[in-house]
Amino acid sequence: MEHRSAFYRELKQIGFQELQESMSRALGLALMVAYPDGRPLTEPSNLSPFCALVNSSPEGLARCAASHEASARAAAGAGEEIRRTCHAGLVHLAVPLQVAGETVAVILCGNVALRPLAKEGLAGLAREAGIDPEKLVSAAKAVPLWTEERLRAGAGALGRVVETLARLVYARQEADWKAAALASLYEFSQSVSRSLEVTEVARLALENVLDLTGATSGSVVMLPEALGFSAAEAAATLESCDEFRVVPPSEVVAAVERETRAVHFNSRPGGATPEERRPAVALPLMAGGKVTGVLTVAGRPKGAGFAEDETAFLTTLGSGLGLALENARLYSSLREYYLSAVRALAAALEAKDVYTRGHSLRVARWARACARVLGLTSEEQEQVYLAGLLHDLGKIGVRESILLKPGRLDEEEIREMRDHPVVGARILEPARFPAAVIAAVRHHHEDYCGGGYPAGLEGEEIPLLARII
Ligand SMILES: [Fe+2]
């Protein structure tokens, strides 16, 4: 976890090693600090001449390292202080260091003896590790003899100092992480609000989530009932093959919906090695207190899972995304109502003028296709479609005797017929249609060479959408 490595980096930077050196001299104990998995976090300090001699042989060094590692792992596993005798017969204490309820390191202190070292053991060690036996026996005589109480008191004092220091570092870093998480949340909400299209919002959110978590696959599944009209799904993978796309199985979706919380699952149950494993987490998307969809994230380096704090962060993102998707859904249904109202207006006209039945819809479709080929924006394409549907709306104001007259129209009738673009524009003005739509309706009978009506505009004086119609 990136948080954890930053924590260790800062511990080292603030002079953890130097503090250990001076504490070990003051206490008269050898000290080192290990990661919970036993790897050394600091160099050992204040080694006795005996330990230094054993460490000078490769075999002795390897035995010491293995002994420290085993003690550190055992203490981390047990979650409490343990006392051990090392391969050379000295004793040490392994004290787990806990911050925020988790073991973050283990302090190893000791390399003293509770009783004089046995000669037979020393002879065996000298032989197996290739150390001069006389030198080893003489160094062993200088190993301090401590009582267990004294050892525990020394280790206790040391543990409290180191733990306080680690807590300070952790608290400072926690403030940094929280600030970074807030900044990410802000960026995320900015990013998903760039669109009002349900699938586009989901796509933007996925890009962001993969970026923030370092995950490689993800998906957004909207629950059909919440969506109102049809199910929607967006999935993304940064991996080389689509096999890694992660859309949760229906039982996981059902569990998220039922329990309203994150559900962890294995997205590739057949994965045997860490590289093949794909732990995944499915999170509820919430709107109005209901689960409206499921956000799923999967695929970390070396098959790593999602820690509790990351899951909590992703759950917060899920709430924000749920609202953004709900907004997009509401917008899209409002737009549907609006288009239905426009189609109803066009239908009202066509009920009166049988000659033009189907004409408005055909004009709208062709106009939108033209706009698309011309490279107009999606907003302009929609406006020309609306203008196409409504361009002859003003004919509602033309008498049926004129509209349906089989022969030629007289001058008076032509004047009335030619009023229909202006009448149509006037009908639309109070309904707050976009200005470009009203202008297209008003000018759809202009002629590119001039000579059209109502304004006799020519060339590019005619609004673009009117020219298309
Ligand atoms: Fe017309």
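I started with Asp-392, which is buried at a relative accessible area of 4% (under 20% counts as buried, over 50% as exposed and in between as partly exposed, with a 1.4 Å probe and protein chains only). This is a predicted model, where local features need pLDDT of at least 70, side-chain atom pairs count only at pLDDT 80 or more, and totals for chains, interfaces and linings use all residues. Residues are numbered from 1 along each chain as its sequence is written, and side-chain values use heavy atoms, leaving out hydrogens and water.

Next, the iron ion. I found Asp-392 (OD), His-420 (NE2), His-444 (NE2) and His-445 (NE2) as its protein donors, at 2.1 to 2.4 Å. Donors are N, O and S atoms within 2.8 Å of the metal (3.2 Å for Na, K and Ca); water is not among the atoms, so sites may look incomplete. Asp-392 sits in the loop between α13 (378–390) and α14 (400–403), and His-445, 53 residues apart from it, in the loop between α17 (435–442) and α18 (464–468). Helices are DSSP runs (H or I, at least four residues), numbered from the N terminus. I noted His-445 as partly exposed, at 29% relative accessible area.

Then I looked at helix α11 (residues 308–352) against α13: the axes come within 8 Å and cross at roughly 30 degrees. Axes are lines fitted to C-alpha atoms over the stretch in contact, with angles from 0 to 180 degrees between N-to-C directions. That makes the two helices roughly parallel (angles under 35 degrees).

Note on methods. Angles under 35 degrees count as roughly parallel, over 145 as roughly antiparallel, 65 to 115 as roughly perpendicular and the rest as oblique.
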